[in-house]
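Morning, everyone. I have one model to show today, so let me put it up.

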Amino acid sequence: MRRLSLPICMMAGLLGAPAFVVSAIAPVVAAPKEAPKEAPRAPVTLDDLFARLKAAKDDAEARGVAQLIERRLDRSGSDTVDLLASRAAEAMQAKDYPLAIELLDRVTVLEPGWAEGWSRRATAFFLLEDQASALADLHKTLTLEPRHFEAWAALAHIYMASDDKSRALAAFRRAEAIYPRMGKVHEAIERLAPDVDGRDL
């Protein structure tokens, strides 16, 4: 009688063995490999947002990106300064411009590197009809953040109010270079350019 080979004997033995014995010696099936996880995306920087603003394909996209930029610029990094700035905004809504300026004075002392603090105080000075102080604060804003398109537009309007068309045009052009789809800036440039640059013959 021929001897059964070892694999056949093992199989025959397993047929009558309890289930737990079979499972104990059955080959372990490897668990399916998980799909590799995507590397975490780098956070969107302010530089990224300004690049997207310049390349925006339509007005709606540009407005959305501009709002994201404004939210970033609104962050002072200090709870105390944010509270003071919020109270200053309330004072401006109530047309209490001297109080707004007083509060924003504290903001600029506590966070002198926060461009938006200077910009907001410039607005308060402008509403109080103190154009010289407004101009000084706008220049400080743009020293800290040269891409602050709202500050460039505000600067242009102040120059327009003093009939300084050349500087107004230059400021509008700076705003447009940063935010090409900024509302009414292009119209202002087209209106001013002939007077400043000369009309085509």
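Predicted model: local features only at pLDDT ≥ 70, side-chain atom pairs only at ≥ 80, totals over all residues.

Residues are numbered from 1 along each chain as its sequence is written, and side-chain values use heavy atoms, with hydrogens and water left out.

Start with helix α3, residues 46–55; helices are DSSP runs of H or I, at least four residues, numbered from the N terminus. L49, F50 and L53 are buried there, meaning under 20% relative accessible area with a 1.4 Å probe, protein chains only, where exposed is over 50%. These three cover an arc of only 100 degrees around the axis, which puts them on the same side of α3; the arc is taken from the directions from the helix axis to the C-beta atoms. D47 and K54, on the other side of α3, are exposed. The cover over the buried residues includes α4 (59–73), α9 (149–161) and α10 (165–178), with contact meaning heavy atoms within 4.5 Å.

L53 touches A62, V65, A66, I69, F149, I178, Y179 and P180, leaving aside residues up to four places away in sequence.

Now the rings. Which aromatic pair does F149 form? Its partner is Y179, edge-to-face, 5.0 Å centre to centre with 75 degrees between the planes; pairing needs Phe, Tyr or Trp (six-membered ring) centres within 6.5 Å, and edge-to-face means planes over 60 degrees apart. F149 lies in α9 and Y179 in the loop between α10 and α11 (185–197), so the pair ties together parts 30 residues apart in sequence. Both F149 and Y179 are buried.

Note on methods
Helix = DSSP H or I, 4+ residues; strand = E, 2+ residues; numbered from the N terminus. Phe/Tyr/Trp six-rings, centres within 6.5 Å; stacked < 30°, edge-to-face > 60°.
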